[in-house]
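Subject: Structure handover

Hello,

Please find the structure below. My notes on what was found in it follow.

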Amino acid sequence: IPLTYQTPAVAMVLSDKRPLLAPSTADNSEKPKDGVELGIYLSWVKSELDSENACLELPFTLLVLVSFSVFALLHLKQHETYVVEGFWKNDIEQNANFAWAQNFGHKAVY
């Protein structure tokens, strides 16, 4: 039984009119008239399996990305750091006295 599978890529190979090989069997005395070379078919199957494996890995990759983001936000506590930095900036700008000249302070950091 020859391996036949009709896809656009296989149809293009069939149009090349190259000699086709069938899987080796004990009574394989004649070549099939329609079919695909075994190497071409196997390379197509391998590429399809690789594509399927890549698609199956996507949910796990997204899970790792989301879990990393959540754990980083919880561990680093960036919102608290932002609040403390804002407090120090406001305290220096509003409450510090710079460049005292006798009884007058020039209150400006910039």
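Helices (H or I, at least four residues) and strands (E, at least two) are DSSP runs, numbered from the N terminus. V66, for instance, is found in helix α2, residues 38–76.

Two remarks on conventions. This is a predicted model, in which local features need pLDDT of at least 70 and side-chain atom pairs count only at pLDDT 80 or more, while totals for chains, interfaces and linings use all residues. Residues are numbered from 1 along each chain as its sequence is written, and side-chain values use heavy atoms, with hydrogens and water left out.

Overall picture

The protein has three helices and two strands, in the order α-α-α-β-β along the sequence. Mean pLDDT (the predictor's confidence in each residue, from 0 to 100) is 76 for the protein, and 56% of its residues reach 70 or more. Of the 110 residues, 5% are buried; buried means under 20% relative accessible area, exposed over 50%, and partly exposed in between (1.4 Å probe, protein chains only).

Helix α2

This helix has 39 residues and spans 56 Å from its first C-alpha to its last, close to the expected 57 Å. The expected span is 1.5 Å times one less than the number of residues. A kink of about 30° lies at L58, shortly before the proline P59; the bend at a residue is the angle between axes fitted to the seven residues ending there and the seven starting there.

The count of salt bridges (a side-chain nitrogen of Lys or Arg within 4 Å of a carboxyl oxygen of Asp or Glu) comes to one. It joins the side chains of D50 and K46 at 3.2 Å, N to O. Both residues lie in α2, four residues apart, about one turn of the helix. D50 is partly exposed at 40% relative accessible area, and K46 is exposed at 52%.

V66, V70, F71 and L74 form a nonpolar surface patch with about 410 Å² of accessible area together. Patches take residues with over 30% relative accessible area and no salt bridge, joining like charges within 9 Å and nonpolar side chains (Val, Leu, Ile, Met, Phe, Trp, Tyr) within 5 Å. Areas come from the Shrake-Rupley method with a 1.4 Å probe; for residues, only the protein chains shown count as cover.

After the helix

K77 follows α2 and lies in the loop between α2 and α3 (78–95). Its phi is near 50°, a positive value in a residue other than glycine. Most residues other than glycine have a negative phi. K77 is partly exposed, with a relative accessible area of 39%.

Regards
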